[in-house]
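Work through the exercises below with the model open. Each task is followed by its solution.

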Amino acid sequence: METELDQPQTTEAKSQDDRKVVLSVRDLTVGFGNNLVLDKLNLDIYRGEILGFVGASGTGKSVLMRTVLRLLPQRSGTIEILGVDYATADDEQRVALDTRLGVLFQHGALFSALTVKENIQLPMREYLDLPQSLMDELAYLKLEMVGLPPDAGDKYPSELSGGMIKRAALARALALDPDLVFLDEPTSGLDPIGAADFDALIARLRDTLGLTVYMVTHDLDSLFSVCDRIAVLGQKRVLVEGTLKDMFAFDDPWVQSYFRGKRARSVVTNEQPAHRQVEK
Amino acid sequence: MATKSAEIKAENAPDGGERYVLTGEWRNHSIGKTLKEFEQLEKAEGQGRLEIDLSGIEGIDTAGAWLVRRLMSAKAHQGREAVLTGVGGTVQELIDVMPEEAPVPPPAGADRRPLFEKAFTPLGRMMVDLGGDFYAAMHILGSAVRGAQLKFGRGSGVSPASVVTHIDRMGVRAVPIIVLMSFLIGAIIAQQGAFQLRYFGAEIFVVDLVGILQLREIGVLLTSIMIAGRSGSAITAEIGSMKMREEIDALTVIGLNPIGVLIFPRLVALTVALPLLTIIANFSALYGAAVVAYTYSGITFDTYLSRLHEAVDHSSVAAGMIKAPFMALVIGIVAAVEGMKVGGSAESLGSHVTASVVKAIFAVIALDAFFAVFYSAIDF
């Protein structure tokens with residue numbers, strides 16, 4: 001079965017099929033009891049882009065992400081990740097798919113009984129057939145990539161600060177070199193400088209590793225500086241997706257107040273057209 | 001999944017040097033098999049310029065890029081020039097971001113202490129910890145007595161509602177299990193006693209045996225052990241998870257004494273509940289013994305009661321009951337000390353709950369032994 005999973009994902013491929021759909025959600029309906037949270041939702045994410053996902057609290061951003069990750073059941077609709085529909089895939093494809101997704105949970109979700117290094121190596125141990133020495137090197141490599149010092153590897157999550165936990169959790173999400181990374185509010189709880197660093201880090205990783213990033217965020221700075229496209233969730237579906245310009249043009253009271261509010265304006269006026277130049 | 005595994009081939013280059021040709025997928029799941037071959041080539045001595053040809057690779061990720069980088073560094077250490085050929089922009093970029101050396105921290109130095117020191121360090125540490133625990137226990141006892149307010153406040157020391165809630169949780173809800181356990185214990189002691197005393201034709205003295213043993217020792221001891229396991233662990237888990245979520249710190253900042261607010265009601269509740277539970281346990285055990293005495297030895301309830309009346313006096317009851325509040329206090333304080341020691345992780349919560357139960361049971365038994373010595377010294 002020739003799916004996209006079978007094809008080598010060289011970073012070179014990025015430019016050739018720039019508009020290749022990595023995640024495609026069609027007519028997704030999710031509900032609890034009588035309450036529909038998502039109703040016939042459609043969404044596409046293209047290879048190599050950073051999609052920022054916003055929406056008022058309670059509109060189902062987390063529900064959508066958790067449904068895509070199959071942590072919540074769906075009522076109807078299809079979710080295709082990297083060309084594979086999990087519902088119809090066989091076991092081998094499911095395992096292959098699992099190794100190509102990385103998730104950064106909002107609070108890190110590092111395993112508190114393991115050191116940071118062991119956290120990063122856990123998926124490697126499970127899926128890869130590599131000697132311990134190489135796994136150590138790779139784990140420390142990931143730590144360096146996310147900007148943590150090597151001595152953080154032997155620490156336990158409880159000994160790390162909030163920002164370090166996010167970085168360590170990102171290192172674990174990147175452990176298997178996934179194609180698609182889900183970030184749940186990656187910059188929440190970080191100071192503005194730390195948040196800007198984290199945004200730059202994500203942009204840099206996207207450029208070097210060819211990642212596709214699905215980012216749920218409320219951080220206007222991240223949306224403006226690092227996201228290629230923005231999707232707004234509301235009224236149980238994706239209200240609008242597109243660039244920042246599309247957001248400004250879209251006529252919806254919530255979207256208008258979100259992107260044209262006082263806080264947003266101050267970000268926009270100060271914003272340099274930055275993200276593509278970050279650390280290149 | 002049809003992935004081509006990574007392959008590496010060494011060949012001679014036309015300019016006299018060597019050329020390594022890499023083909024296939026150099027990704028984390030496909031490099032495992034080639035690794036040995038790769039590492040041999042990495043160590044191999046060679047002459048002249050080395051060309052690493054990547055034009056045949058079909059995919060590369062950080063693991064593959066790191067290996068290429070490591071290969072180049074290894075050759076550079078051998079004093080050879082290594083160049084990459086056939087790489088596209090992004091692959092080159094990926095390899096370029098890899099550090100030249102693995103950022104692995106140097107292994108910790110070997111333990112160079114003399115054997116004597118190595119052997120006795122854990123013992124010393126244990127003693128210091130024990131001392132620390134004792135101080136912490138005294139601190140908790142003192143702070144608990146001091147009440148709920150750290151600063152000037154108008155509130156009273158203890159909230160009665162909280163104490164009553166805890167009496168309900170630690171006392172009333174423990175009644176069924178205490179009744180069942182004591183009934184069985186009483187029955188077992190009576191049965192064993194009856195069988196042994198039968199040889200002497202003194203079966204009636206099984207009443208003395210059960211009465212004195214249960215009232216003086218077993219009743220309070222087993223009830224305490226049960227409560228140490230049931231409520232001590234609960235106290236440690238509650239206090240510990242509050243510590244983890246900074247609730248303790250929040251109380252301090254608001255100006256309340258966390259020990260007074262959280263631990264004092266629990267200590268009071270335990271000190272009230274445990275003696276009451278002991279009384280229930282004693283009744284239950286004596287009833288269990290009566291049932292067994294009747295079925296195995298034909299001792300009627302009337303005989304049993306009149307014999308019990310002669311065998312047991314107030315001092316036997318008092319000897320047991322006096323111990324109960326002390327046991328409760330020890331259980332509560334040990335549980336609170338362990339709860340306050342919980343650190344940030346779920347694992348630490350688990351280990352401290354375990355330690356709390358183990359230490360509380362040990363302390364209860366040690367205290368019981370101490371009382372036994374004390375009673376015999378004063379002829380009680």
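**Exercise 1. Decide whether A:Gly153 is buried, partly exposed or exposed.**

Step 1. Take the cut-offs: buried means 20 or more other C-beta atoms within 10 Å of the residue's own, exposed means 12 or fewer, and partly exposed lies in between, with C-beta atoms placed from the backbone.
Step 2. A:Gly153 has 24 other C-beta atoms within 10 Å, so A:Gly153 is buried.

This is a predicted model: local features need pLDDT of at least 70, side-chain atom pairs count only at pLDDT 80 or more, and totals for chains, interfaces and linings use all residues. Residues are numbered from 1 along each chain as its sequence is written, while chains are lettered from A and ligands numbered from 1 in the order in which they are written.

**Exercise 2. Place A:Gly153 in chain A and list what it touches.**

Step 1. Find the loop between α5 and α6 (162-173) of chain A; A:Gly153 sits there. Helices are DSSP runs of H or I with at least four residues, strands are runs of E with at least two, and both are numbered from the N terminus.
Step 2. Apply the contact rule: C-beta atoms, placed from the backbone, lie within 7 Å.
Step 3. Leave out residues up to four places away in sequence. A:Gly153 then touches A:Thr115, A:Val116, A:Lys117, A:Ala139, A:Tyr140, A:Leu143 and B:Pro105.
Step 4. Check one pair by C-alpha atoms. A:Gly153 and A:Leu143 are ten residues apart along the chain, and their C-alpha atoms are separated by 7.5 Å.

**Exercise 3. Find the packing partners of α5(A).**

Step 1. Collect buried residues of α5(A); among them are A:Leu134, A:Glu137, A:Ala139 and A:Leu143.
Step 2. The buried residues pack against α4 (116-127), α6 and α7 of chain A, together with α2 (62-77) of chain B.

**Exercise 4. Describe the contact between chain A and chain B.**

Step 1. Chain A gives 35 residues and chain B gives 30 residues.
Step 2. On the chain A side, α3 (91-98), α5 (132-145) and α7 (192-209) give two or more residues.
Step 3. α5(A) gives the most, with six residues.

Note on methods:
Contact = placed C-beta atoms within 7 Å.
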